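Visitor: I am new to this structure. Please take me through one part of it closely, and then show me what else is worth a look.

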Amino acid sequence: MTNIPIAVQMYTLREDSEKDFAGTLKRIAELGYDGVEFAGYGGLTTKEVKVLLDELGLRAAASHVPLEELENNLYQVIEDQKILESNYVVCPYLLPDRRSIDDYKALIPFLDKAGELCRREGITLCYHNHDFELERLSNGRTNLEAIFDKTNANNLKAELDVYWLTKAGENPVEWMNRYKNRTPLIHLKDMTTDDEQFFAELGTGGVDIEAVLKIGEETGVHWWIVEQDFSRRTPFESIEISMNYLKSIKIN
């Protein structure tokens with residue numbers, strides 16, 4: 001269905017990574033993933049991480065970097081991505097105390113400027129959504145729309161998360177089409193069909209994953225990134241089920 005590479009977000013495997021970072025990367029490679037999206041580097045330097053990636057035949061798809069670090073240490077973040085040969089750095093989450101209207105008004109120009117600095121260094125800055133950015137404002141729009149519509153498309157790209165879009169009552173395909181060629185990273189994540197709407201392995205829930213996959217190439221997706229925030233199985237069982245699903249529909 002697509003030749004777009006598949007990575008796994010390391011947050012999914014955070015407990016395993018804390019115990020054995022190198023061993024976790026090795027198991028990811030054995031499951032057939034092409035790369036990883038980092039959420040920290042396991043206490044290693046990025047040079048040490050790059051050696052591990054090369055040994056295992058994995059690529060760095062992107063790195064999630066907290067907003068505070070982007071604000072205070074952007075140049076080092078950029079250098080880390082260069083060492084990892086990662087083209088993408090992602091603002092992953094806004095803490096609850098950073099979500100007021102005034103916070104968004106300050107965030108948007110910061111992301112635009114930070115994205116411009118990244119772009120000049122050959123790195124692309126992306127913003128990853130949850131559901132709280134999709135609450136409707138008094139004007140009928142959402143903060144997520146404001147983030148993308150009030151920044152330069154060359155400076156800030158989207159890492160759309162299909163689970164959180166669906167949970168907020170949005171259609172991921174519509175968002176991918178709306179921001180066509182601005183969505184290089186897509187978080188693939190399924191949702192149980194019961195009232196709990198819990199995180200689920202790909203192909204086992206109610207998110208229309210196939211519809212998302214079908215438009216990946218035409219909308220400019222560069223990486224599919226599997227993430228499961230929480231699992232009722234072991235995380236490795238979950239990401240194996242998700243990879244087997246993607247293989248079954250001939251995505252990899």
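Guide: H6 gives the largest share of the lining of the second largest pocket, with 4 residues. The model is a predicted one. Helix H6 spans 101-120, and helix H7 spans 143-149. Each of these two helices supplies at least two residues of that lining. The volume of the second largest pocket is about 230 Å³.

Now for the residues themselves. Ile101, Tyr104, Lys105 and Ile108 are among the lining residues of this pocket. Leu137, Asn139, Arg141 and Thr142 line the pocket too. So do Asn143, Ala146, Asp149 and Lys150. By class, the lining has 5 nonpolar, 3 polar and 4 charged residues.

Next, the largest pocket. The volume here is about 380 Å³. The lining counts 21 residues. Closest to the centre are Tyr11, Ala39, His64, Pro92 and Tyr93. Helix H5 provides the largest share of this lining, 3 residues. The classes are 10 nonpolar, 6 polar and 5 charged.

H5 leads on to the helix packing. Helix H5 covers residues 74-84, and helix H3 covers residues 46-56. H3 and H5 pack at an angle of about 25 degrees. Their axes lie 9 Å apart. The two helices are therefore roughly parallel to each other. The crossing of H3 past H5 is right-handed. From H3, the contact takes in Thr46, Lys47, Val49, Lys50 and Leu53. From H5 come Asp80, Ile83 and Leu84. This contact has 4 nonpolar, 1 polar and 3 charged residues.

H3 also packs with helix H2, residues 21-30. The angle is about 30 degrees, and the axes are 10 Å apart. That angle makes H2 roughly parallel to H3. H2 and H3 cross in a right-handed way. On the H2 side, the contact is made by Phe21, Ala22, Leu25, Lys26 and Ala29. On the H3 side, Val49, Leu52, Leu53 and Leu56 take part. By class, this contact holds 8 nonpolar residues, no polar ones and 1 charged.

Two residues of H3 link these views. Val49 and Leu53 meet H5, and Val49 and Leu53 also belong to the contact with H2.

Definitions and conventions. Residues are numbered from 1 along each chain as its sequence is written. This is a predicted model: local features need pLDDT of at least 70, side-chain atom pairs count only at pLDDT 80 or more; totals for chains, interfaces and linings use all residues. Side-chain values use heavy atoms; hydrogens and water are left out. Axes are lines fitted to C-alpha atoms, for helices over the stretch in contact, and angles run from 0 to 180 degrees between N-to-C directions. Angles under 35 degrees count as roughly parallel, over 145 as roughly antiparallel, 65 to 115 as roughly perpendicular and the rest as oblique. A crossing is left-handed if the near helix is turned anticlockwise from the far one by less than a right angle, and right-handed if clockwise. Contact means heavy atoms within 4.5 Å. Ala, Val, Leu, Ile, Met, Phe, Trp, Tyr, Cys and Pro count as nonpolar, Asp, Glu, Lys and Arg as charged, and the others, Gly among them, as polar. On a 1 Å grid over the protein atoms alone, a cavity is a set of points where a 1.4 Å probe fits but cannot get out, and a pocket is an open set with protein on both sides within 12 Å along at least five of seven lines; lining residues have an atom within 4 Å of a point. Grid points are joined across faces, edges and corners, and a volume is the space filled by probe spheres set on the points.
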